[in-house]
Structures are given as structure tokens and as C-alpha cells.
Amino acid sequence: MFRYFSLGWACCALLACSSSTISPRGFPDVQWLGFTEARVTHAAGGTQARGLHTADVDGDGVKDLVLVASQTEQVCILDGAGKGAFAAPRCLSAGTTPMDVAVSDVNADRRPDLLIVGHFANALTVRLGASDGTFREGVPHSLGNHSQQVRVADLDGDGLVDAMTKNAGSGGYFNITFLKGKGDGTFGAAVPHSVTGLPRDLVLADVNADGRPDVLVLNTNSFTVDVLLATARGELSAAAPVRFAGSADDEPFRLVSMDVNGDGLLDLVISHSVSDSGYLSVHLGDGRGGFTEASSFPADAPGEMVVADFNQDGREDVAFAGLAGGVYLLLGEEAGLLGAPSLVAAGTTPSSLVAEDLDQDGFPDLAWTTRDSVEVLLGSTVRVPRR
């Protein structure tokens, strides 16, 4: 057993989070049996699939799957058919070497739009959604060198969706860029912000509890997390970076924010996955944008992470994609304990991972991408007669 604390959900308000969007709730007449069903494999629509997200793209009330296929330079959508089933992918042009996609309504027409970043395109391409569920041709916005991730939120408090991207180019050209949303589907010029190392992951979360999303950047070679606090004037103010001990065998890979110890403040969890004895490290937040290292959990080469209450017992659980292959689940237990990692799906290394209720039974499911497929693993439940 590993030491574990209650995981919170407040961090996901108005943000694009890594965890499931389902709030914890009880189901007294339903019992969760775990991930006992065989997973279903879907064609991704293109190769080198990554950047998987869930969203109701066509407005039918059912979650769809959205991903980028980097090698074939496409964005592919698998429309949800209900009960965890999905239609064959429909794919759109995504520009040069797409790396990530965000889904958000950026022109206030109540239809989802696509925001795509391209590694060699050095651009954020916006494809606005049309009333028939299709998307208009992409409009590029210039970015920093070698853009790899995009996150969206109202970062300056004006009620409009903004975009933040992570960039990592050659010759030490490392930064993030902020693009102010204009509310009509266009964005202002990209404003760069420097970071303290090679950026590996980008997270938006309110870490100083002022109601504004802040920017966290995990840097892999400097063993730091840059903390950029959003101000009331719509600017970003650099707080002291989080520094943690490490060597080449402890290289950090992914970052999530959550209330780990139940004190109402956001903490950080980082996956470390290069060494044979991979682990998750926990850094407790002080509510002002500062963090301290608290503990670590052994894990088998953890990569992408998601947080959700899979069994709906009121305690959050953690699933992670193993860089050596497979998907693992750690269930929260009583008295602040986290169970040992359990392999719930073997196979090829996932390139992205999401948790979402895909079959509308009230319990989060799992989906992930491999090179050319999307894997869907539904949780199993059984109806328990009421007494």
C-alpha cells in the first residue's frame, strides 16, 4: 500500500483538465465491478495518433472522441453513438505536423471549434464549427518555434476563451505563448513567456485560489515547474519555480494538479518514467503558488495521467499510461490509502489517455490512443436491488 490523500475536483472549473469531467456521486443501486470487459479497438483514421480529447462535437448530447494524427496531418473525430460505441472516424486537414488539439467554442455561437497546434507549422490553426457539424477551413495564427501543446481557458478574466501553447524548438528556443481571444474566433498576436528549461507539459489551474487560472509548465531537463500566476490585469507574474531533486533516471514526464491532501488547495502530481523504478511524486500547495515535495508512489514507467472516481465511492483514483505498455489503475481506499497499481489493459504503449463516462452509466470509462488506433475500455456495473 502507498500513502494516499483525498483527491479534489474544484480545480477543473472552467479549465481544460487532465482528469475526468464527472463529479463524484453515489449510486446506491449500482455496483461497480471494475474494468472486466474486453476493450474495443477503433481505427484512429490516421497514423501517429495522439492528443485524445472528449467533447460533444455534433451537439447530440453524446460524447465524441477527437484526436490528431500527426503523420497523416489530420484531426479525426469519432462520433459517439451511445453506450460506449463510436462511428468510423471522419478526418479533416490539420496543417503541417499537428501535435495537439483543443475543442472549445471560441466565437460564442454555441458550437465547438477546433484549435490545432503544429510542430513545424509554428501556428495555431482555428477551424470554426458549422451548424451541420462540419468545420470551416483553418485560419492560422503565428506561434513560437515547434509548438506541441495547446490549452484553453479564460486567462485574463474578460469572459472570452484564450489559448496557451507550449513550444520547444532547437537551439534552446523554449517558451510558452499566450494568445488573447477576441470572442469572434480570432486571437491576438502570440505573447511569449520564457521558462526555466525544456518544457514537457503544460497545465492551467488556479493554484493561488484567486479565481483565475494560472499557468504551470513542467520542464524536463531542469527538474522544475514554472508557476506563472494570472493577475487581475490579465498578465502573468512569475512565482518562484518548483524545484525537485532528480537525475537522468528521474526525468519528469507529465503533470496534473489536484487537491491531494484535502485541504482545499491545489497540489501537483508528477510522473517520473525513465528509470526502471518509475514513480509519481507529490508536491503540496500552500495556496499562494508555492509547493513542497511531500511523498512519492512507486509506479511502472508512468506516462500520461488521469484522475477520476472510477468506482464512485467518493475517493478519487488515478489511472496512468505505462511507457512500457499498458494502462494501470490505482484505487483510492479508506484512511487515506491508495491501492497498488493494477494493470487493467495490456498492450502497446498509449500515446494519450482520457477518463470520461462514455456509456452514460454514471461511471468513468477509459480511452487511449496508440499509433493508429483508439482503444475504449468501459467499466462494468451491475444493478443491485434496492432493499
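1. Start at Phe-35. Leaving aside neighbours within four places in sequence, Phe-35 is in contact with Phe-310, Leu-329, Val-344, Pro-364, Asp-365, Leu-366, Leu-377, Leu-378 and Gly-379. Contact here means heavy atoms within 4.5 Å. Before you read on, note that this is a predicted model, where local features need pLDDT of at least 70, side-chain atom pairs count only at pLDDT 80 or more, and totals for chains, interfaces and linings use all residues. Residues are numbered from 1 along each chain as its sequence is written, and side-chain values use heavy atoms, with hydrogens and water left out.

2. Phe-35 also turns up in the largest nonpolar core, which has 18 residues; Phe-35, Phe-310 and Leu-366 touch the most other members. A nonpolar core is a set of buried Ala, Val, Leu, Ile, Met, Phe, Trp, Tyr and Cys residues joined through side-chain atoms within 4.5 Å. Buried means under 20% relative accessible area, exposed means over 50%, and partly exposed is in between (1.4 Å probe, protein chains only). Which elements give two or more residues to this core? They are strands S2 (30-34), S27 (302-308), S28 (317-322), S29 (327-330), S32 (342-345), S33 (352-356) and S34 (365-369).

3. Another core, of 16 residues, lies apart from that one, and its members include Ala-205, Leu-216, Val-227 and Leu-268. Take Leu-268 as your way in: it lies in strand S24 (residues 267-272) and is buried, with a relative accessible area of 0%. Not counting residues up to four places away in sequence, Leu-268 touches Leu-216, Val-225, Val-242, Leu-255, Val-256, Ser-257, Ser-281, Val-282, His-283 and Phe-291. Leu-268 and Leu-284 are 16 residues apart in sequence, and their C-alpha atoms are 6.5 Å apart in space.

4. Now the rings. The structure holds four aromatic pairs. Rings of Phe, Tyr and Trp (its six-membered ring) pair if their centres lie within 6.5 Å; planes under 30 degrees apart count as stacked, over 60 as edge-to-face and the rest as tilted. Trp-32 and Phe-35 make an edge-to-face pair, at 5.7 Å centre to centre with 85° between the planes, and both residues are buried. Why does the pair of Phe-320 and Tyr-328 count as stacked? Their ring centres are 5.1 Å apart and their planes are at 10°, so the pair is stacked. Phe-320 and Tyr-328 are buried.

5. Trp-32, Phe-35 and Phe-310 form one aromatic cluster. Elsewhere, Arg-254 lies over the face of Phe-253, at 4.3 Å from the ring centre. For a charge to sit over a ring, NZ of Lys or CZ of Arg must be within 6 Å of the ring centre and within 35 degrees of the ring normal.

6. Have a look at two serines. Ser-380 is in strand S36 (residues 380-383) and is buried at 7% relative accessible area. The side chain of Ser-380 makes a polar contact of 2.8 Å with the side chain of Thr-36. A polar contact is a pair of N or O atoms within 3.5 Å; within protein, one must be able to donate a hydrogen and the other to accept it, and residues adjacent in sequence count only if both atoms are side-chain atoms. Ser-147 is in strand S14 (residues 147-153) and counts as buried at 0% relative accessibility. A polar contact of 2.8 Å joins its side chain to that of Asn-167.

7. Check the backbone at two loop residues. Thr-97, in the loop between strand S9 (90-93) and strand S10 (98-104), has a phi near 40°, a positive value in a residue other than glycine. Ala-108, in the loop between S10 and strand S11 (113-118), also has a positive phi, near 60°. Are these residues buried or exposed? Thr-97 counts as buried at 19% relative accessibility, whereas Ala-108 counts as exposed at 64%.

8. Finally, the whole protein. There are zero helices and 36 strands; helices (H or I, at least four residues) and strands (E, at least two) are DSSP runs, numbered from the N terminus. Buried residues make up 56% of the 387 residues. Of the contacts with a separation of 6 or more, 45% are between residues 24 or more positions apart.
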